[in-house]
Amino acid sequence: MQVIRQTGWMVVRQARNLAREPIWIAMMVIQPLVWLLLYGQLFSRVGQLRGGASSYIEFLTPGIVCMNAFFGGSWSGMAMITDLNRHVVDRFLAAPASRFAIVFSQVVRAGITAVLQALLLLVVGLALGVRVHGGVLGWLVVFAATGLLAAAFAGFSHGIALLVRKEASMIATANFIGLPLMFISAILIPTASMPPWIKTLSRFNPVNWGVEASRNAILTGGNWGASGVYLLLLVAATAVTSLFATWCFRSYQRSI
Amino acid sequence: MDAIVVEELRKRYKTVQAMDGVSFAVREGEVFGLLGPNGAGKSTTVRTLATLTQPDSGHALVAGEDVVRHPNRVRRSIGYVAQDSGVDWEATGRENLMLQGRIHAMSGTPLRSRVGELLELVGLQDAADRQARNYSGGMKRRLDIAIGLVHRPRVLFLDEPTTGLDPEARAAMWVEVERLASQESLTILLTTHYLEEADRLAERVAIVSRGKVVVEGTPTELKAGLRGELVTVDLADANGRAHEAVSVVHLVEGASEVVAEGQQVRARVPNGAKAIPLILSALEERGFPVSAVTTARPSLDDVYLHYTGRDFSREDQEGNR
């Protein structure tokens, strides 16, 4: 399976390149912690935001884990723009590299990064009194949800990168989709506290699928069936966006 | 057998007809130069042959395979060194080469030893394990060429291999290409807008202008097609009589394409050694003092002017804009 091998080697390339960027690594560690601690403090006195959790930080942790994953995924297309600008993509395309492998390796890389950050956030959360009520299965569900959430948005982000091919347009697009999706989700407040129309919209928001699955795993320690459905939806979303990005190579190749 | 056959390729971008019926053929094992000013359509042609760009119409075979119908087969037999370096800056030279080999389904010891061999070939063995972002322009270019050669391609495309290099690095690159060319099995298609580069490296040349091949042949043939030499006479004191001098030189046997430019009169003659004394005596008879005479064998510059009716360097600068 040449596609799988190529994807693997391209993931190795990206991981190795990123591991050589100390500032990138520092930001990957610090940023999610800043969100967790900042938002955790900001809303900690608003009792009704807890949604049944023992503390707001416990309620918030699954939300921040997912926010971090989907932001990471939405921005990951920048890597494709760098590769386009440095003509690395052209080099691959003139060789028998699978278009799907070029995109999917970036999607996998975004997923792995999000899982590592989720692990970090959960460990810090534990120190702040957060308990994963779903046990081992709960941890696995959180990792699956964050990895898939990042992957689904990474596919979309890479498609956009191949269509717009400019940093400025990429940044505008990521902002345009990022913040609304965050506020149409249960990242910061429980679904029960949302106005009805936002509640309805949030059901169709992939970000919320990840948030619901993670919150079930951490707070409830149950609802596994519902979480399974959310994870399957995220798998489907990842497949759709990855294929969308692969298809976007056509648009890029028409432009050169 | 022909390694590359190009028939009537056409490609239009919004406002530019980049290829307007490009046709030529490259024999197996030769170094073939596509020569033309910036914007003539050379890069579009090479990108089409490297399966990156789809032509609007026309056909092209590379190593016997159709570039539109079987792009993946073509990709296995070509190495493509683009005008802009495709080096991954964050990776080391060796890592760049290893990944390219993996893409070509190479692995294990054969890949590792091939990579070592190439690093030596392009003189990067000492820099092999440094990140490519620290490489000079010439080093990146040589790494690009090594990347194009990892899988032992049958056809190598070199798109403007020396553009942006300083004179020293350019000379080194010429030696490099000559060394590659000496490998019998490798066919090289190079594009250049440097006339002297095509003259030096290419066994055969196609001159491309405005999306078409205007003439094809060895550099010697093309220059011989212009017959003879260019004689330039500097008049010491023409006093606005340069036009009269032109008609004088015109009468000399064999002189053609006689033109005046300021104090200079230029003419094309079949044989400089025979014609110069005749030109000088004819001018002196009519009272034109001559300060200097030079002769030049035709360059590819002259060939370009002859076949397109346009000045190469002016067209080159216009293409840049």
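I take contact to mean heavy atoms within 4.5 Å. The model is predicted: local features need pLDDT of at least 70, side-chain atom pairs count only at pLDDT 80 or more, and totals for chains, interfaces and linings use all residues. Residues are numbered from 1 along each chain as its sequence is written, chains are lettered from A and ligands numbered from 1 in the order in which they are written, and side-chain values use heavy atoms, with hydrogens and water left out.

**Entry 1: the interface**

I looked up the contact between the chains. Chain B gives 34 residues to it and chain A gives 26 residues. Together they bury about 2,600 Å², 52% of it on carbon and sulfur atoms. Buried area here is the accessible area (1.4 Å probe) that two parts lose on being put together, summed over both.

Next I looked for salt bridges, meaning a side-chain nitrogen of Lys or Arg within 4 Å of a carboxyl oxygen of Asp or Glu. The rule finds four across the interface of chain B and chain A. One joins B:Asp88 to A:Arg13, at 2.6 Å from N to O.

Which elements of chain B supply at least two residues each to the side that touches chain A? They are β1 (2-13), α2 (71-77), β6 (78-81) and α3 (93-103). Helices (H or I, at least four residues) and strands (E, at least two) are DSSP runs, numbered from the N terminus. The largest share, six residues, comes from α3(B).

**Entry 2: helix α3 of chain B**

I stayed with this helix. I call a residue buried under 20% relative accessible area, exposed over 50%, and partly exposed in between (1.4 Å probe, protein chains only). In α3(B), 10 of the 11 residues are buried, so the helix is largely enclosed by the rest of the structure. Among them are B:Leu97, B:Met98 and B:Leu99. The buried residues pack against α1 (2-19) and α5 (88-93) of chain A, and against α4 (108-121) and α5 (137-149) of chain B. After α3(B) comes B:Ala105, with a positive phi near 65°.

B:Glu95 pairs with A:Arg20 in a salt bridge, their closest N and O atoms 2.6 Å apart. B:Glu95 lies in helix α3 of chain B and A:Arg20 in the loop between α1 and α2 (22-42) of chain A, so the pair joins two chains. B:Glu95 counts as buried at 16% relative accessibility. A:Arg20 counts as partly exposed at 30%.

**Entry 3: salt bridges within chain B**

I searched the whole structure and found 23 salt bridges over all chains. B:Arg154 bonds to B:Glu28 this way, with closest N and O atoms 3.8 Å apart. The pair ties together parts that are 126 residues apart in sequence. B:Glu176 and B:Arg179 also meet in a salt bridge (2.9 Å, N to O). They are three residues apart in helix α6 (residues 167-181) of chain B, separated by about one helical turn. B:Glu176 is buried, at 7%, and B:Arg179 is partly exposed, at 40%. I also noted a network of salt bridges linking B:Glu8, B:Arg10, B:Asp20 and B:Lys212.

**Entry 4: the cores**

A nonpolar core is a set of buried Ala, Val, Leu, Ile, Met, Phe, Trp, Tyr and Cys residues joined through side-chain atoms within 4.5 Å. How many residues does the largest one have? It has 56 residues, and those with the most contacts inside it include A:Met80, B:Phe24 and B:Leu189. Helix α7 (residues 135-164) of chain A gives the most to this core, five residues. A second, separate core of 48 residues includes A:Phe59 and A:Leu148.
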